[in-house]
Amino acid sequence: MNNSKIVYENSDDRTPFLQKQQGELAQIIEAINQVETSESWQKLKKLFLDEIVTNLEKQLASEASKDEINPPKIYKLQGELKWAKKYSDLKK
């Protein structure tokens, strides 16, 4: 049997699906921008998230300056710091 003559016709048009996804993504971005500019988010960020980032940076610096380094603790602090920075900046 010679399969070289088989022609596959792709009749799946994904344009409507992609347009729907694009519209949803645009709405999500607009919502994030509105949240980020709100006064409530700015207060929460200032009082809670910025303080966490500062404390984690101090702990990491303190742990790294010790004579005997504890790698699991440093890795844990690095992960927490990455998390805190990620959620304190909604644009990321």
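A residue counts as buried under 20% relative accessible area, as exposed over 50%, and as partly exposed in between. The model on screen is predicted, and the stops below use those classes.

**Stop 1: helix α1**

Select residues 15-37, which form helix α1, and show the side chains of K20 and E24. These two side chains meet in a salt bridge, with 4.0 Å from N to O. Within α1 they sit four residues apart, about one turn of the helix. Colour the pair by accessibility: K20, at 52% relative accessibility, counts as exposed, whereas E24 has a relative accessible area of 35% and is therefore partly exposed.

**Stop 2: helices α2 and α3**

Next select residues 39-64 for helix α2 and residues 71-88 for helix α3. The two pack at an angle of about 160°, and their axes are 9 Å apart. Angles over 145 degrees count as roughly antiparallel, and α2 and α3 are therefore roughly antiparallel to each other. The crossing in which α2 passes α3 is left-handed.

To see what makes the contact, show W41, K45, L49, I52, V53, L56, E57, Q59, L60, E63 and A64 on α2.

**Stop 3: K85 and E57**

Keep both helices displayed and pick out K85 and E57. They form a salt bridge whose closest N and O atoms are 3.6 Å apart. K85 belongs to helix α3 and E57 to helix α2, so the pair ties together parts that are 28 residues apart in sequence. Both ends are partly exposed: K85 has a relative accessible area of 37%, and E57 one of 36%.

**Stop 4: along helix α3**

Now select K76 and E80. Their salt bridge brings the closest N and O atoms to 3.0 Å. The two residues are four apart in helix α3, a separation of about one helical turn. Here E80 is partly exposed, with a relative accessible area of 29%, while K76 counts as exposed at 51% relative accessibility.

**Stop 5: a network**

Which residues do salt bridges with shared partners join into one network? Select E63, K66 and K73, which are linked in this way.

Terms used
Residues are numbered from 1 along each chain as its sequence is written. This is a predicted model: local features need pLDDT of at least 70, side-chain atom pairs count only at pLDDT 80 or more; totals for chains, interfaces and linings use all residues. Side-chain values use heavy atoms; hydrogens and water are left out. Axes are lines fitted to C-alpha atoms, for helices over the stretch in contact, and angles run from 0 to 180 degrees between N-to-C directions. Angles under 35 degrees count as roughly parallel, over 145 as roughly antiparallel, 65 to 115 as roughly perpendicular and the rest as oblique. A crossing is left-handed if the near helix is turned anticlockwise from the far one by less than a right angle, and right-handed if clockwise. Contact means heavy atoms within 4.5 Å. Buried means under 20% relative accessible area, exposed over 50%, partly exposed in between (1.4 Å probe, protein chains only).
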